[in-house]
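Me: Hi! I have a structure open and would like to talk it through with you. Can we start with the contacts along the chain?

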Amino acid sequence: MTSYTKHNPDLVNPLIEKILKALGDGWLETSYGNDSVASVSRDFPNNNSDEDVLEIFLPNSKEYNADEELFNTYSIRALESNEECTFDTLEEVIEKAKEIERGYPKVKRKVDYEFFLRGFWDSVKFGYVPDFENDLQANSWGLGIAWGNLGNGEPLLDCPKFLSEFEIN
């Protein structure tokens, strides 16, 4: 959950929990300290090296005041199209996210297991950023970081949860 005060954690953390529960696997809390509002997002693996990202931005206030960077609506943005929609309710933004998700094919993400493990261990212990030879290694390391930050245990190749989400290289 977000701890950035400008995101208004008392307001937004319960919303993050509800969104993550409603949307399920693939969604992560991705709030960034320089942003005015908290966010959740997911990416959709595809056959290209780039991934399509869907982001939901959450309100940080009950009132709107753009000059003070206070927002009382939800926004959803699909990065590959740069399309952005605004909604007044949590239910509306969840329904739109599900609608967009239905339009994406179910493709498993390729992962370099060695770099995934390095990312996992960096998230829980080391904090080291390795040198990458390609995007697959960098993306795999980032996924390992996210896996560890979510509180998952070490991903073993015989772990059904891990194997169901990725195509191992």
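Me: Of the contacts between residues at least 6 apart in sequence, what percentage join residues at least 24 apart?

Reply: In the protein chain that share is 48%. Keep in mind that this is a predicted model.

Me: Good to know. What is the mean pLDDT, then?

Reply: The mean is 79 for the protein chain, with 78% of residues at 70 or more. Helix α1 (residues 9-23) has the highest confidence, at 90, and helix α5 (residues 160-165) the lowest, with a mean of 58. Where pLDDT is low, the predicted coordinates should not be read in detail.

Me: OK. How many helices and strands are there?

Reply: The chain has five helices and seven strands. Reading from the N terminus, the order is α-β-β-β-β-β-α-β-α-α-α-β.

Me: And what percentage of the residues is buried?

Reply: Of the 169 residues, 40% count as buried. The chain exposes about 10,100 Å², and carbon and sulfur atoms supply 47% of that area.

Me: Switching to charges: how many salt bridges turn up?

Reply: A search of the whole structure gives five. One of them joins the side chains of R42 and E101, at 2.8 Å from N to O. R42 belongs to strand β2 and E101 to helix α2 (residues 90-102), so this pair ties together parts that are 59 residues apart in sequence.

Me: Are R42 and E101 buried or exposed?

Reply: Both R42 and E101 are buried.

Me: Which partner does R102 have?

Reply: R102 meets E95 in a salt bridge between their side chains, at 3.5 Å from N to O. R102 is exposed, with a relative accessible area of 58%, while E95 is partly exposed at 44%.

Me: What about K96, what does its side chain meet?

Reply: The side chain of K96 forms a salt bridge with that of E99, again with an N to O distance of 3.5 Å. Both residues lie in helix α2, three residues apart, which is about one turn of the helix. K96 counts as buried at 18% relative accessibility, because the cut-off for buried is under 20%. E99 is partly exposed at 43%.

Me: Let's move to the rings. How many aromatic pairs does the structure hold?

Reply: There are two. In one, the ring centres of Y64 and F71 are 6.0 Å apart and the planes sit at 65°, so the pair is edge-to-face. Y64 is exposed, with a relative accessible area of 54%, and F71 is partly exposed at 24%.

Me: And why is the F132 and W141 pair classed as it is?

Reply: The planes of F132 and W141 are at 55°, with the ring centres 5.7 Å apart, so that pair is tilted. Edge-to-face would need planes over 60 degrees apart. F132 is partly exposed at 31% relative accessibility, whereas W141 is buried, with a relative accessible area of 15%.

Me: Which residues is S36 in contact with, leaving aside neighbours within four places in sequence?

Reply: Those are K6, H7, N60, E69 and F71.

Methods. Residues are numbered from 1 along each chain as its sequence is written. This is a predicted model: local features need pLDDT of at least 70, side-chain atom pairs count only at pLDDT 80 or more; totals for chains, interfaces and linings use all residues. Side-chain values use heavy atoms; hydrogens and water are left out. Rings of Phe, Tyr and Trp (its six-membered ring) pair if their centres lie within 6.5 Å; planes under 30 degrees apart count as stacked, over 60 as edge-to-face and the rest as tilted. Buried means under 20% relative accessible area, exposed over 50%, partly exposed in between (1.4 Å probe, protein chains only). Contact means heavy atoms within 4.5 Å. Helices (H or I, at least four residues) and strands (E, at least two) are DSSP runs, numbered from the N terminus. Accessible areas come from the Shrake-Rupley method with a 1.4 Å probe; for residues, only the protein chains shown count as cover. pLDDT is the predictor's confidence in each residue, from 0 to 100. A salt bridge is a side-chain nitrogen of Lys or Arg within 4 Å of a carboxyl oxygen of Asp or Glu.
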